[in-house]
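Thanks for coming. I will walk through one model today, taking one chain, then the contact between chains, then the other chain.

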Amino acid sequence: MGKTSWYRLALIGAIAIVLLNTWFAARALHTLIAAQFWESHTLEVISQTETLIAQVRTAESAARGYVLTGMDGFAKQYATATNQIRQSTANLQRLTGDNTSQQVRISMLNTRIGAKLSALDAGLAVRRAQPQGMLDPELLGPVIQDTPDRMDSVQLTIHDIEAEEQGLLDSRTTDATSARRWVWGSFTLAFVLDFLLLVAAFEQLVRANRARERIEASSEEIAGLNRKLTQVNEELESRVEERTRELEASNQELEAFSYSVSHDLRAPLRTIDGFSLALEEDFGEKLDAQGKDYISRVRNGVQRMGTLIDALLQLSRVTRSDVQRERVDLSQLATLVFQEIQAGDREREVNWIAQPGVMAEADPRLIRIAFENLIGNAMKFTARTPGATLTFGSGPQDGKTVYFLRDNGAGFDMTYVDRLFTAFQRLHGEREFKGSGIGLATVSRIIRRHHGSIWAEGEPGKGATFFFTLTP
Amino acid sequence: MILLVKDDPDHEALAIRALRKANVANEIQVAHDGAEALEYLNATATGAKPLPQLVLLDLKLPKVDGLEVLRSIRSADKTALLPVVVLTSSDEERDIVASYRLGVNSYIRKPVNFTDFAEATRQLGMYWLLLNQCPPTQ
């Protein structure tokens with residue numbers, strides 16, 4: 001789960017807790033208000049019953065007063081009291097509408113009050129019939145006799161009602177108290193929980209802030225590292241530039257060297273050769289056969305040195321020049337090179353077999369030099385082979401295209417195959433076959449510059465085959 | 001008249017010998033370095049010296065090199081059309097290209113083998129002095 005989802009969940013939880021707290025508090029408050037309402041209701045009922053008792057007593061004493069004195073004041077007081085009693089009982093009935101047992105008691109009370117009042121009314125009627133003088137006690141009997149008992153029965157009922165209400169009051173007070181405790185509890189809980197949430201939120205805020213600061217700090221660190229990296233890179237670049245400059249300088253030196261070799265080493269050779277020839281031509285008649293032989297040896301030596309210098313130059317040039325690949329028809333190029341070499345030695349008859357349409361991505365100038373050396377080599381080593389044949393072709397090997405040049409010439413001993421491509425290493429004596437010992441080194445370097453490889457197979461007297469690839 | 005620009009006296013002697021052997025009868029004027037060659041050519045501008053029919057120019061020369069001499073020849077009105085043949089031991093591509101860019105008429109690499117060189121010289125003299133139609137001198 002992602003961090004954002006966690007935060008969303010926490011927020012929803014916090015809101016739920018706050019809502020639950022509010023609901024609890026509101027419910028407790030509601031319970032408290034209800035309890036208090038019932039408490040005051042009960043108190044009202046009690047006060048109403050007490051009022052009723054007082055009113056009944058008032059009515060009784062007013063009735064007695066009237067019976068004793070016959071004064072109208074008492075009669076009026078009695079009337080008022082009975083009215084009030086009726087009201088009060090109606091009130092009580094209404095107030096206790098929710099309580100069935102109280103309703104039963106109140107209807108009993110009504111009966112008893114009614115009986116009481118009828119007794120009192122009877123007494124009052126006796127007095128009204130005889131406004132003056134003493135009344136016959138016989139007639140008043142029911143009023144007087146009945147009075148304490150009836151009063152008591154009323155009072156008893158009222159007391160019952162009061163006791164019931166008192167019980168209710170007690171339980172409702174307990175309810176209110178517990179409700180009050182609930183309110184306190186829930187509000188305290190709400191406060192504590194909200195406080196905790198607030199603290200948690202604050203903590204989270206502080207943590208987020210700290211995290212941001214940390215991120216800022218680490219981003220600064222990263223920026224620092226980046227700066228350092230850039231600096232290192234710059235240093236590296238400048239070092240590469242420096243090396244490149246050095247390399248360029250050394251390349252230039254090499255080029256200057258090659259240039260000077262090409263000019264300066266050849267110049268004295270030409271002088272030697274020129275004057276040897278002049279000697280032979282101008283003073284030929286003064287020289288015997290041996291003298292002429294010496295001159296020809298001098299000129300041969302010069303010739304070989306000239307070839308050597310040229311081969312060295314070619315090797316260094318191959319090393320210096322860039323490889324610029326393009327699509328080359330190797331068959332055509334090899335055939336062309338063969339024809340050129342053949343043209344320089346028309347007396348020889350050599351068969352040339354080239355597989356047509358062998359294509360490659362290579363530098364045509366470098367490949368031409370390679371062919372010049374390879375084909376030149378093959379021509380040289382087939383010089384004493386009757387029916388000399390050179391074959392050029394290609395074939396797949398390990399997923400790569402391998403090109404080959406085969407001859408049926410002198411061949412070589414495979415024991416020395418390692419020395420074949422090393423400069424100045426020759427497998428045949430100068431007397432057998434002339435050569436610079438640089439040609440195959442040049443070919444090898446050209447192939448390497450194409451990221452290819454070169455190898456050879458041969459057997460003395462049966463010919464040699466040179467294989468090469470032009471891709472890694 | 002041929003102007004031969006060459007610093008090596010041995011080669012100078014051999015070149016002259018080869019030209020003579022090839023039956024080139026023209027007068028041969030030798031300049032031993034680039035500066036000397038330019039001096040001579042400047043003298044031809046005033047008419048103090050005759051304009052050569054052919055300049056045989058080596059590239060590697062003391063003081064002022066062959067390519068510079070060639071540039072001067074091509075930039076001066078009087079010598080702009082003069083046939084110039086570079087005769088050098090260098091077969092460096094950059095020398096060949098630079099020479100042709102500067103408007104050389106021919107570029108010949110001197111073979112080490114003197115027989116070949118003599119043959120080349122003979123052909124050179126024959127071609128430039130007999131066969132080739134030179135531009136009219138101004």
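**Chain B, the interface and chain A**

Of the 138 residues in chain B, 35% count as buried. Before going further, please keep in mind that this is a predicted model.

How many helices and strands does chain B have? There are five helices and five strands. Read from the N terminus, the elements of chain B follow the order β-α-β-α-β-α-β-α-β-α. Among the contacts in chain B with a separation of 6 or more, 67% are between residues 24 or more positions apart.

Let me take one helix of chain B, α3, which covers residues 66–75. Which of its residues are buried? They are G66(B), L67(B), V69(B), L70(B) and I73(B). These residues sit on the same side of α3(B), because the arc they cover around the axis is only 155 degrees. As a general point, an α-helix has 3.6 residues a turn, so residues three or four places apart point the same way. What covers the buried residues of α3(B)? The cover includes the strands β1 (2–5), β3 (54–57) and β4 (84–88) of chain B, together with the helices α2 (34–45) and α4 (93–101) of chain B.

Next, two backbone details in the loops of chain B. In general, most residues other than glycine have a negative phi. N23(B) is not a glycine, yet its phi is positive, at about 65 degrees. Where is N23(B) found? It is in the loop between α1 (9–21) and β2 (28–31) of chain B. Is N23(B) buried or exposed? N23(B) is exposed, because 9 other C-beta atoms lie within 10 Å, and the cut-off for exposed is 12 or fewer.

K63(B) is the other residue I want to show, again with a positive phi of about 65 degrees and again not a glycine. K63(B) lies in the loop between β3 and α3 of chain B. K63(B) has 14 C-beta neighbours inside 10 Å, so it counts as partly exposed.

Now the contact between the chains. On the chain A side 15 residues take part, and they are in contact with 16 residues of chain B. Two elements of chain A give two or more residues each to this side, namely α4 (137–283) and α5 (289–320). The most comes from α4(A), with 12 residues. By type, the chain A side divides into six nonpolar, six polar and three charged residues.

That brings us to chain A. Helix α3 of chain A runs over residues 100–129, which is 30 residues. From its first C-alpha to its last, α3(A) reaches 43 Å, close to the 44 Å expected at 1.5 Å a residue. The buried residues of α3(A) include Q102(A), I106(A), L109(A), R112(A), K116(A) and R127(A).

Finally, some strands of chain A. How do β2 (residues 351–354) and β4 (residues 389–397) of chain A run, parallel or antiparallel? They run parallel, joined by four bridges. One of the residue pairs here is I353(A) with its bridge partner T391(A) in β4(A). On to β5 (residues 400–407) of chain A, which runs antiparallel to β4(A) and is joined to it by eight bridges. There, G395(A) has V402(A) in β5(A) as its bridge partner. β4(A) and β5(A) make a hairpin, with two residues between them. In the turn, D398(A) has a positive phi of about 55 degrees.

That is where I will stop.

Conventions: Residues are numbered from 1 along each chain as its sequence is written. Chains are lettered from A and ligands numbered from 1 in the order in which they are written. This is a predicted model: local features need pLDDT of at least 70, side-chain atom pairs count only at pLDDT 80 or more; totals for chains, interfaces and linings use all residues. Two residues are in contact if their C-beta atoms, placed from the backbone, lie within 7 Å. Ala, Val, Leu, Ile, Met, Phe, Trp, Tyr, Cys and Pro count as nonpolar, Asp, Glu, Lys and Arg as charged, and the others, Gly among them, as polar. The expected span of a helix is 1.5 Å times one less than its number of residues. A residue is buried if 20 or more other C-beta atoms lie within 10 Å of its own, exposed if 12 or fewer, and partly exposed in between; C-beta atoms are placed from the backbone. The arc is that of the directions from the helix axis to the C-beta atoms. Two strands pair if DSSP finds at least two bridges between them.
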